[in-house]
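I am opening a notebook page for this chain and will write down what I look up, entry by entry.

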Amino acid sequence: MNFLLSEELTFTIAASVCWGSKMRAICFDFDGTLVDSEVFHAENWSGFLKTLGIDFSMGAFLERYAGVTWDKVAIDLFTRFSISMPIEHMLQQMEAITEKALMLDNIPAKLGVSTLLHELSGKVPLAVVTGAPRIYVEGILQRHGWLELFDHVFCGEDVASNKPAPDIYQLACATLGFNPHEVLAIEDSVTGIKSSLSAGLKTVLVSDIDVTDFSIGSSKYGPLALDYSFDSMHQAHLTVLNLVTNPIKYT
């Protein structure tokens with residue numbers, strides 16, 4: 001269950017809890033976590049499907065595919081609507097549509113993200129861990145002035161199995177040189193939570209909607225237990241900072 005805490009209660013907890021061992025690196029999801037991109041993608045996919053004669057609204061797309069990686073979206077749409085275009089071509093078309101749309105308008109940052117990233121920079125290694133294509137992710141990071149704040153960017157094409165499989169987080173931890181229990185993941189979706197928790201990372205959910213469901217409780221990778229849940233990055237800010245700095249033990 002996703003418990004959304006009030007800002008006052010969050011700060012009280014963050015200031016009074018003994019946090020134990022600090023985290024040695026942080027991995028951020030991208031879409032929906034760093035940038036407010038879900039509507040942007042839904043509009044692009046809906047428009048693409050319309051060119052194929054398929055009426056699939058933005059709302060319907062968001063309800064079914066929010067947080068789902070592009071390869072899995074393409075596979076499901078291919079089957080659902082019996083699309084004749086090969087899946088690989090669908091993904092190529094969507095990358096081109098996305099690149100063109102980004103030339104017209106940038107995707108806005110999620111509130112509180114830029115402040116947190118700049119405050120964390122230099123304290124611990126930072127990485128982006130996303131199922132999205134690299135050309136799209138690094139382009140937006142550059143536009144927001146964040147690319148130089150990250151030590152690594154891990155994307156869907158870097159692993160054989162994308163989220164919700166644990167592969168990309170396992171790759172991130174191995175590259176960063178830390179054990180999974182020493183690395184913090186910040187995610188906004190069920191797909192991402194399954195990936196990070198299955199890989200053994202402490203996980204913070206940041207989402208203004210209740211995205212958790214019964215499927216979080218267990219998976220083929222074993223029981224999963226979410227560590228922290230907040231409804232905004234601003235609300236999660238102090239907790240994240242406490243997890244990566246030497247905490248004071250209050251008695």
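**Cysteines**

I looked up C173 and found that it counts as buried, because its relative accessibility is 3% and the cut-off for buried is under 20%. The model is a predicted one, so I treat each value here as computed from that prediction.

I then checked C155, which is buried as well, with a relative accessible area of 0%. How many disulfides does the structure hold? I found zero. C173 is in no disulfide, and the nearest cysteine sulfur, that of C27, is 5.8 Å away; a disulfide would need the two sulfur atoms within 2.5 Å.

**Cores**

Which residues have the most contacts inside the largest nonpolar core? I noted I26, F28 and L34, in a core of 38 residues. The elements that give two or more residues to this core include the strands β1 (25-28), β2 (126-129), β4 (183-187) and β5 (202-206), and the helices α5, α6 (113-120), α7 and α10 (233-244). Of these, α10 gives the most, with six residues.

**Helix α2**

Helix α2 covers residues 38-51, and its 14 residues reach 20 Å from the first C-alpha to the last, close to the 20 Å expected at 1.5 Å a residue. I marked its buried residues, including F40, H41, A42, W45, F48 and L49, and saw that what covers the buried residues of α2 includes α3 (58-65), α4 (70-80), α5 (87-104) and α7 (134-144). After α2 comes G53, whose phi is positive, near 80°.

**Backbone**

I reminded myself that most residues other than glycine have a negative phi, and that most peptide bonds are trans.

Where is S82 found? It is in the loop between α4 and α5. S82 has a positive phi of about 50° although it is not a glycine, and I counted it as exposed because its relative accessible area is 63%.

My last entry is the peptide bond from K163 to P164, which is cis, with omega near 15°; P164 lies in the loop between β3 (152-154) and α8 (167-176).

Conventions
Residues are numbered from 1 along each chain as its sequence is written. This is a predicted model: local features need pLDDT of at least 70, side-chain atom pairs count only at pLDDT 80 or more; totals for chains, interfaces and linings use all residues. Side-chain values use heavy atoms; hydrogens and water are left out. Helices (H or I, at least four residues) and strands (E, at least two) are DSSP runs, numbered from the N terminus. The expected span of a helix is 1.5 Å times one less than its number of residues. Buried means under 20% relative accessible area, exposed over 50%, partly exposed in between (1.4 Å probe, protein chains only). Contact means heavy atoms within 4.5 Å. A nonpolar core is a set of buried Ala, Val, Leu, Ile, Met, Phe, Trp, Tyr and Cys residues joined through side-chain atoms within 4.5 Å.
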